[in-house]
Amino acid sequence: MTILGCLALAAVLSIETPSRHEVVLDGVWQITTVDAASPDAEWIPARVPAAFEEALGAQFDDVATYRTAFTIPDSFSGERVWLHFDAVATKADVFLNGSYVAQHLGGWTPFRADVSRVIRRGQPNDLVVKVDERVGHNTQGFLPAIGPHFGGIWQSVKLIGCASSAIDDLRVLAVGDAAGKATFEAPVLGDAAGVSVSAEIRVGNETARVLVPQGGRATLDARGVTPWELFAPTTYPVDFVLSDASGVERDRVRTTIAFRTVSTRGHELLLNGRPLNVRGVLEWGWFPPRLAPAPEPEVIAALIEEVKARGFNLVKFCLWIPPQRIVEQFDAAGLLTWQEYPTWHPKFDDQHQDELLAEFDEFFHRDRNHPSIVLRSLTCETGPSASIEVIRSLDARAKERIPGALIEDDSSWIGWNRVSDIWDDHPYGNNDDWVPRLKELTDFIAEREAKPLVLGEAIAADTWLDPAQVADVHARGGYELPIVFDDHARWERAMRARFDDVAIDPLRAWSLRFAMNERKDQMETFREVVPHGGYVVSVARDFRTAQMGLADHANRWKWPREDFSWHGDSMLLLPHDAPRALLSDTTVRVRVKLAHHGASTLPAGTLTWAFGTASGSKATSAIEPGGVVELGLVPLVAPRVTQPTPLDLTLILDANGVRARNRWTLWVLPRHPETAPDVLVVDALSGDVMRKLVDGARVLLRTADVPFSFVTSRHWLLRGAPWFPPHALTRTIPPELFLDLGVTDLHPKGLIPAATLVQNVDPIVAFWDTHDSPLVKDWLIAFETRVGAGRLLVSSLRHDGSVAGAWLERSFLLHLANGPEPVSALPPDLVAAIADRMAARTMDLTPDPWEFRIDAQPGVAENPWQPIRVGQSWEGQGFATLDGWVTYRRTIDVAADWAGEPLFLNFEGVDDAFEVRFDGELVGMGGDIEKRETAFAQASTHRLSEAVTAGPHVIEVRVFDWYGAGGIHRPVSLSTRPLGIAAEFLRGR
């Protein structure tokens, strides 16, 4: 059998235009993973366009060769024939009829080859494309971090027949500004001698023309055009016409032009000269079951509809480049986009500068005519490792190619912006840190240049997995199960066995309520604190390693549209420091604010409010767009209640038919008896407290950052949610109170590690975490247990500074004095471990700097010693691209009263593997380089001496990091006792 006989025939779709003829070659091709010339090559069907993993398996990451045969129709015309690829990931070598016709590096952009001399008309053509996936290539983007890396011919292939001289439609420019000035470029393919190109724009019944010089630009003032606006897109048809010396038309390219201007004014971002308030959604291009980010048009149409319906006005293409048709959908919908080019942890250095400039040049040509793209990021979270010369070159190239473009060098942390038209930051974190973090950002800007602050990523929250839904999606094929799926099932079985279904069944509903509260509070607070700023919320949909999407694994949105009815250009705000809980029979006045942005002035109107059975109204003045204004005080009259009662505060502003609406659930709390219960309140354990407990005392311990208090981790609450095992307290205090107030008034100081404690305590408020983990992780927020004859209740909730905190503390005291006894008790060995922990002497080695040296290794010279901090990775301390071996060194001076004691060195986590030496002797190790087992989150204790002597001693820690952040990134301490089981949850001295 001949090779030709083995080939699949591409589906040939013929498309005619006035001066061009196209043949689409999409269809079922064949593919092999061995040498295509080998007689042993096994060819299997592969769909084009699609990721080749669809044919070769999701985990395939290598080189594969495609082939197909096609015969062009007799009607196909053109003096010149181009073979065109919309995108191939990542390196493509193209052969037609045995001739090598093209090579292209870069997985996102189109390329084409002139095949006029080798194409066969009227007989079969053999097309072979060798594709190297190039895992790790500079512009592979972020998708491999959340799903399988994709490769192959993932976008369309076609033949283009045209005249010998033709317009290069991949590089034309047709953009307009809000004043009506149009700018055009139209390079010529082939011989440009004796030909001319004009641009024709039609506005109504009139056509304006301008000659476009070769190698230059032409401009014209278009009269009567309507600017392209947010949600009101207007475009105009443009024809580029190539004519020969006698005036005969030889080629024509049709496109559209939009007129809009994006600019900055101090802290403001402007669209067509008016303040633009960015409210974005992060989109990682994860569209399962497709591995390549090329979903069907209806999927994008649904995304646009759902995003707009929830008050968002922008989608950020985060570290991927969508196919052209997708961006065109956003253009047509008038929805803004932010193009973040697909470089995550890239090599932005002199060695790769030419390659980067070539690939980015294609990026810029590809997206520069799209009015929806209002911001562009050259890279993401790359930081100081990026050569400033390379960054400047890319920025200059972007400004040259894209008239009026706003460019930032690095979407990351504000201190990493060096060449940027905006300030950016990714301040993921907790609600109680949100205002201080935002103030850090605004203070940073105040000391520098006034530019708009737009958070490129922020405001995330995980929800509890729905295993039935995921299993259903998985059963339909092409979808990998979340990494926590198996352990999620194990954890649920264990918790149902220990507690009951009533405690587990509401987990998803609880998490949805908590996550919505987290997001809403951060979005409103941001708008209040940073009136001119913008934000991009993470992330569009759930993915394998986290359930942090606004939509779930089945692409269903988790919260109905009405839950976001408050979100838009005009947002009513309750100040972040306003109480979210009131005592029964009290009146509190709260100051109401309005953030207003958009295209026009908000006319005078009426503000109405309702809280319980009370209501009122007041007149409001006209409000200009671009800031936050106060609307006045609103009285909140709390009714008399006998149990915690949720009441909605509803605000409505009606301004000549323009309505803004918002709602908050506040809690009215009953008054407690004034008699003080006989309960001891402490912030730490001590020998005296332990003796009293054993003898029958009731003790409330409020966690604090002091010795022998319970450890609280400053855990990101976005990684999970509270849940509520059966307990007497949550039968009288609704879980919803914790879910609503836990992001504001009662926000935990941190989470208490649960691994050792959880089987020996009665949880009151627990916390789960499945973020980026194959295991469900357990934490505690409040719990109680028996200690001897006494009772201990531990709480990491905030009990000071709010009505809710004080009320809840009194509830805990009353429960300890009068409530039912805990079921669980601390066993004797755990009580003994606590006593041993309190007896140990400790020294924190984290605050003072250590010495640091990069060790000699192949291609790397040994560096001199220099100061560094432990408790944080080295990447943020000037070593952004460092991997391999380093040495930390610290001289300690052992006090005389420690002499003769055993001495231990304690780590809470080292990234990734390490060796410990004490006075030159190897005394311990952690992590495993060969097995790639990291010590990133492993607590460990290493005996330095059986009986230490007073005076100076040297500690050396060699650390090996194999990827990403590295170093002694968590606290380090010395102690006279090993880290026992109590060290997990009890602070040392």
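Q: Which hand does the crossing of α6 and α7 have?
A: The crossing of α6 and α7 is right-handed. Keep in mind that this is a predicted model.

Q: At what angle do these two helices pack, and how far apart are the axes?
A: Helix α6, residues 353-367, packs against helix α7, residues 388-401, at about 25 degrees. Their axes lie 10 Å apart.

Q: Roughly parallel or roughly antiparallel, then?
A: Roughly parallel. An angle under 35 degrees counts as that, so α6 and α7 qualify.

Q: Which residues make the contact?
A: From α6 come Gln 353, Leu 356, Leu 357, Phe 360, Asp 361, Phe 364 and His 365. From α7 come Glu 389, Val 390, Ser 393, Leu 394, Arg 397, Ala 398 and Arg 401.

Q: How many of those are nonpolar, polar or charged?
A: The contact of α6 with α7 has seven nonpolar residues, three polar and four charged.

Q: Where is Asp 395?
A: Asp 395 is in helix α7.

Q: Buried or exposed?
A: Asp 395 is buried, with a relative accessible area of 11%. The cut-off for buried is under 20%, which is why Asp 395 falls in that class.

Q: What is Asp 395 in contact with, leaving aside neighbours within four places in sequence?
A: Asp 395 contacts Leu 378, Ile 407 and Val 419.

Q: Switching to strands. How many residues of β28 are buried?
A: Five of the five, so β28 (residues 407-411) is largely enclosed by the rest of the structure.

Q: In what sense does β28 pair with β27?
A: Strand β27, residues 373-380, pairs with β28 in the parallel sense, over four bridges. Within β28, Glu 408 is the residue opposite Ser 377.

Q: What about β25 – how many of its residues are buried?
A: Five of the five residues of β25, which spans 314-318, are buried. That is why β25 is largely enclosed by the rest of the structure.

Q: Which residues sit on which side of β25?
A: Leu 314, Lys 316 and Cys 318 are on one side. Val 315 and Phe 317 are on the other. All are buried, and both faces of β25 are covered.

Q: How does β24 pair with β25?
A: In the parallel sense, with four bridges between β24 (residues 279-283) and β25. Leu 282 stands opposite Lys 316 in β25.

Q: Next topic: Leu 83. Which strand, and buried or exposed?
A: Leu 83 is in strand β6, residues 80-85. Leu 83 is buried, with a relative accessible area of 1%.

Q: What does Leu 83 touch, not counting residues up to four places away in sequence?
A: Leu 83 touches Leu 25, Val 94, Phe 111, Arg 112, Ala 113, Val 115, Leu 127, Val 157, Lys 158 and Leu 159.

Q: How far apart are Leu 83 and Val 101?
A: They are 18 residues apart in sequence. In space, Leu 83 and Val 101 are 9.0 Å apart, C-alpha to C-alpha.

Q: Last one, the sheet with six strands. What is the order?
A: The order is β48-β47-β49-β54-β51-β52. The sheet is open and the pairing is antiparallel.

Q: Which strands stand at the edges?
A: β48 (866-868) and β52 (921-926). Each has a single partner strand, so one side of each has no neighbour in the sheet.

Q: By how much are neighbouring strands turned against each other?
A: By 30 degrees on average in this sheet, direction ignored.

Q: And how many bridges join β51 and β52?
A: Five bridges, with β51 (residues 913-918) antiparallel to β52. Glu 915 has Met 925 in β52 as its bridge partner.

How values were computed
Residues are numbered from 1 along each chain as its sequence is written. This is a predicted model: local features need pLDDT of at least 70, side-chain atom pairs count only at pLDDT 80 or more; totals for chains, interfaces and linings use all residues. Side-chain values use heavy atoms; hydrogens and water are left out. Axes are lines fitted to C-alpha atoms, for helices over the stretch in contact, and angles run from 0 to 180 degrees between N-to-C directions. Angles under 35 degrees count as roughly parallel, over 145 as roughly antiparallel, 65 to 115 as roughly perpendicular and the rest as oblique. A crossing is left-handed if the near helix is turned anticlockwise from the far one by less than a right angle, and right-handed if clockwise. Contact means heavy atoms within 4.5 Å. Ala, Val, Leu, Ile, Met, Phe, Trp, Tyr, Cys and Pro count as nonpolar, Asp, Glu, Lys and Arg as charged, and the others, Gly among them, as polar. Two strands pair if DSSP finds at least two bridges between them. Buried means under 20% relative accessible area, exposed over 50%, partly exposed in between (1.4 Å probe, protein chains only).
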